[in-house]
Amino acid sequence: MAEIPQKAQVVIVGGGIVGCSIAYHLTLRGLTDVVLLERKQLTCGTTWHAAGLVGQLRATHNLTRLAQYTTELYASLERETGQATGFQQIGSLALAASEARFEELKRGASMARCFGLEVNILSVGQAAELWPPMATEGLVGAVHLPKDGQTNPIDTTQALARGARSRGARIFENIKVTEILVEDGRALGVRTEVGEIAAEFVVNAAGMWAHGLADAAGATVPLHAAEHFYVVTEPIPDIPRHLPVLRDADACAYFKEDAGKLLVGWFEPVAKPWGMEGIPESFSFDTLPDDLAHIEPLLEASIRRVPMLGKAGIQLFFNGPESFTPDDRYFLGETPEVRNLFVAAGFNSIGIQSAGGAGKVLADWIVDGRPPMDLWDVDVRRSMPFQRNRRYLKERTVETLGLLYAMHWPFRQPETARGVRKSALHDRLLERGACFGETAGWERPNWYAPPGVEARYEYSYGRQNWFGYSAEEHHAVRNAVGLFDQSSFGKYVLEGPDAETVLGRVCANDIAVRPGRIVYTQWLNERGGIEADLTVTREAEDRFLIVTAAATQTRDLAWLRRHIPEGARAIAFDATSAYAVLGVMGPKSRELLGRVTDTDLSNAAFPFASSRVVDIGYARVRASRITYVGELGWELYIPTEFVQGVFDGIVAAGEGLGLRLAGYHALNSLRIEKAYRHWGHDLTDEDTPLEAGLGFAVVFDKSGGFIGREALLRQKDEGVKRQLVQFALDDPSRLLYHNEPIWRDGRLVGRISSGMFGHTLGSAVGLGYVENQEGYADAGFVRSGRYEIEVAGERVPARASLRALYDPASLRVKDAGSQPLAGAAT
Ligand SMILES: Cc1cc2nc3c(=O)[nH]c(=O)nc-3n(C[C@H](O)[C@H](O)[C@H](O)COP(=O)(O)OP(=O)(O)OC[C@H]3O[C@@H](n4cnc5c(N)ncnc54)[C@H](O)[C@@H]3O)c2cc1C
């Protein structure tokens with residue numbers, strides 16, 4: 001065994017393509033004191049057997065940028081390192097065997113153009129010219145990405161390793177890391193079978209082993225292995241050479257021509273999880289047993305698409321494990337639990353095409369102390385502690401492999417490992433027709449089916465089966481009163497004599513208010529980017545209740561805790577499970593709540609943005625006058641064990657007031673009409689409050705300042721180059737989801753960050769940043785343009801507004817006696 005050093009600046013665990021890419025990019029950034037440890041040999045885990053497809057189009061802008069970068073890197077790696085990679089830019093062709101799939105592909109193509117990718121929408125005939133051996137039966141169209149490619153995974157990994165070594169990285173094979181050393185919540189190095197290495201940073205790039213390694217260190221990296229199958233044929237005499245990679249997602253299959261042979265692999269809808277008893281210690285360049293019965297129907301469907309496959313001899317039946325994550329997206333970044341412990345794992349069968357970009361941004365993240373761009377889609381801080389549960393992971397993995405090629409329907413909900421986190425009202429809501437969706441493990445009512453209607457999604461790209469029911473919920477909130485179960489909110493309490501000072505530095509708004517006030521605020525990073533978007537309620541001089549979205553529960557708490565200075569007398573704890581939350585929203589909410597509480601709810605006694613503890617039924621409830629739907633309303637924070645009684649009381653009192661239970665689809669429609677922003681879509685750590693139109697929530701001159709203030713002041717002086725704008729489509733039949741390109745006077749200026757049908761405005765409504773490539777995106781620039789939003793390749797005219805199209809003056813929120821102002825202002 002080679003002698004390992006006693007210390008290094010960075011230790012990377014795992015010598016697959018991802019670990020080697022991180023070493024390559026760290027050294028490229030000048031951080032050369034890097035040690036990579038591989039338990040057996042480089043590539044011996046999952047990398048060696050990958051099919052080597054390198055596609056560029058991903059679900060979001062930044063992930064596509066990373067995949068694009070990977071392609072560029074692989075194209076140049078051989079030149080740089082002298083190590084052949086086998087990379088060929090032969091393009092890819094994605095087939096559609098249904099109109100819905102074609103719409104999905106065309107929407108993807110619209111997005112791809114927005115990202116600068118070369119992409120062509122093809123007729124069936126044009127597709128057949130590119131891939132002559134295929135049968136075109138049942139096809140309706142295709143999309144061609146000429147710059148996609150394929151590579152040899154082993155050679156590409158070796159090239160990355162060579163590049164890293166040439167700049168000083170040390171790579172040790174046959175050294176297993178037995179433990180990540182952690183003290184006081186910080187990684188200090190690793191223990192191996194032959195000694196310890198002290199390190200400033202540790203990177204867990206251990207592929208399907210990453211879960212166990214992280215778990216032992218107290219960090220959550222939820223992933224599970226599954227079997228992945230492909231076959232390789234004998235040489236086929238008549239097959240044309242250099243065919244593009246072919247994806248026939250409706251048949252779950254991909255086809256790669258290589259040296260006159262065909263490799264055919266599958267992403268089947270019901271997959272086989274693997275490694276439940278742990279991964280054998282000896283695992284190295286191993287394969288898993290064949291399962292011909294499992295792949296037979298898949299092979300038959302592939303033969304129908306490529307008939308010459310039926311006559312070809314099969315040289316290799318391959319089955320190898322790959323790791324999958326609960327939402328089919330990989331994990332990147334510093335773990336929220338352990339400082340300086342980074343992770344890059346769980347690549348869901350796209351690790352080869354992702355490794356270049358992932359390695360680059362992770363290296364940037366380590367060197368600069370922050371991610372170089374919004375990486376929320378893959379950020380490890382989205383994981384929830386419960387997701388370490390192995391039964392959950394195994395059951396979810398049955399589904400996630402197939403999702404790669406499944407229809408990516410709007411509003412699609414996972415089907416496995418459901419019912420994990422339930423609100424205390426779950427059974428009551430189920431009885432009343434709730435159709436649940438899943439967020440961060442929570443079951444949340446998305447819409448309610450009326451009696452006699454099954455609470456089940458029927459997916460499509462058009463108006464789905466719940467559209468009308470959700471519209472009724474929306475109108476009930478606008479015109480009467482709606483009741484939302486919002487128990488999934490993340491909730492923390494920050495308490496202690498220094499709580500105000502600590503929180504004051506973190507919040508851009510002024511939270512030094514009197515007890516009983518609610519403050520809407522952003523948490524910013526040093527660049528002024530928005531790390532979190534939430535409300536702070538001062539409960540007492542020394543106690544604040546912080547409320548954020550379900551999806552950011554882990555992330556925001558980690559941000560808060562890391563900004564409590566050492567020695568400060570303030571502690572933060574997670575109170576998510578302690579409180580259920582009911583949103584009582586709509587013009588009749590006062591009348592309704594007035595029937596269940598004796599507290600004076602008048603504007604004078606209970607103004608907007610105030611909060612107090614009131615009696616409802618037998619419970620003591622924190623009632624907060626705040627809204628995310630743009631109407632008069634209260635959020636009720638109820639100790640969990642009291643919520644059933646409170647709910648029953650409110651429902652009974654709603655008799656005759658038009659009360660309706662309302663779900664998250666209605667909530668989303670209502671909030672987009674009111675142009676309320678959503679963190680993760682409309683707000684990210686790249687966007688500043690000034691760009692996002694949230695300058696009103698920033699108090700520059702408060703005592704003690706706040707993180708991000710200086711960057712924001714500079715931007716305020718200079719002006720913003722992009723600005724969040726609200727759009728409403730002219731054509732009410734077209735729907736927006738997100739990522740649709742925004743055109744201004746015929747030029748691409750941005751993309752939709754979130755969209756939904758607005759039932760009061762009567763058309764699809766979206767938010768999106770508009771950029772002025774030549775100057776500043778001031779109000780004059782925004783207002784002077786003519787806008788179109790591209791939906792599946794067609795440009796649909798839209799009106800744009802910097803103020804909310806619904807109730808721009810917030811008269812209804814403040815209960816100033818106004819009537820609905822649908823479409824009043826642009
Ligand atoms: C059949 C198949 C086909 C695929 N085809 C494609 C494709 O066409 N395109 C694509 O993009 N992706 C593809 N993939 C996915 C791709 O192979 C993986 O996503 C990628 O290889 C993951 O790389 P990694 O570095 O994260 O993991 P790995 O390659 O598994 O590397 C992790 C390494 O960590 C080492 N290790 C673990 N624990 C320790 C420890 N304690 N100490 C030291 N070392 C440790 C392991 O030995 C291993 O070598 C395919 C996967 C499969 C199974």
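Glu-415 and Arg-412 form a salt bridge in this predicted model, with the closest N and O atoms 4.0 Å apart; a salt bridge is counted when a side-chain nitrogen of Lys or Arg lies within 4 Å of a carboxyl oxygen of Asp or Glu. Glu-415 counts as exposed, at 61% relative accessibility, while Arg-412 is partly exposed at 24%. Here, buried stands for under 20% relative accessible area, exposed for over 50%, and partly exposed for values in between, with a 1.4 Å probe and protein chains only. The model is predicted, so to speak of local features a pLDDT of at least 70 is needed, side-chain atom pairs count only at pLDDT 80 or more, and totals for chains, interfaces and linings use all residues. Residues are numbered from 1 along each chain as its sequence is written, and side-chain values use heavy atoms, with hydrogens and water left out.

Side chains of opposite charge can pair when their charged atoms come close. By the rule above, the count comes to 56 salt bridges. One of them joins Glu-118 to Lys-147, at 3.0 Å from N to O. Glu-118 sits in the loop between helix 3 (99–114) and strand 5 (120–122), and Lys-147 in the loop between strand 6 (141–145) and strand 7 (149–150), so this pair ties together parts 29 residues apart in sequence. Helices (H or I, at least four residues) and strands (E, at least two) are DSSP runs, numbered from the N terminus. Both partners are partly exposed, Glu-118 at 41% relative accessibility and Lys-147 at 39%.

A further salt bridge connects Arg-382 with Asp-327, whose closest N and O atoms are 2.7 Å apart. This pair links distant parts of the chain, 55 residues apart: Arg-382 belongs to the loop between helix 9 (351–368) and helix 10 (390–403), and Asp-327 to the loop between strand 17 (314–324) and strand 18 (331–334). Arg-382 is buried, at 9% relative accessibility, whereas Asp-327 is partly exposed at 29%. Elsewhere, salt bridges link Asp-379, Arg-381, Glu-531, Arg-555 and Asp-685 in a network.

Turning to the whole chain, there are 19 helices and 38 strands. The radius of gyration, taken over C-alpha atoms, is 27 Å, close to the 28 Å that the globule rule gives for 826 residues, so the chain is as compact as a globular protein of that length. That rule is 2.2 Å times the number of residues to the power 0.38. The C-alpha trace spans about 80 × 65 × 55 Å along its principal axes, and 61% of the 826 residues count as buried.
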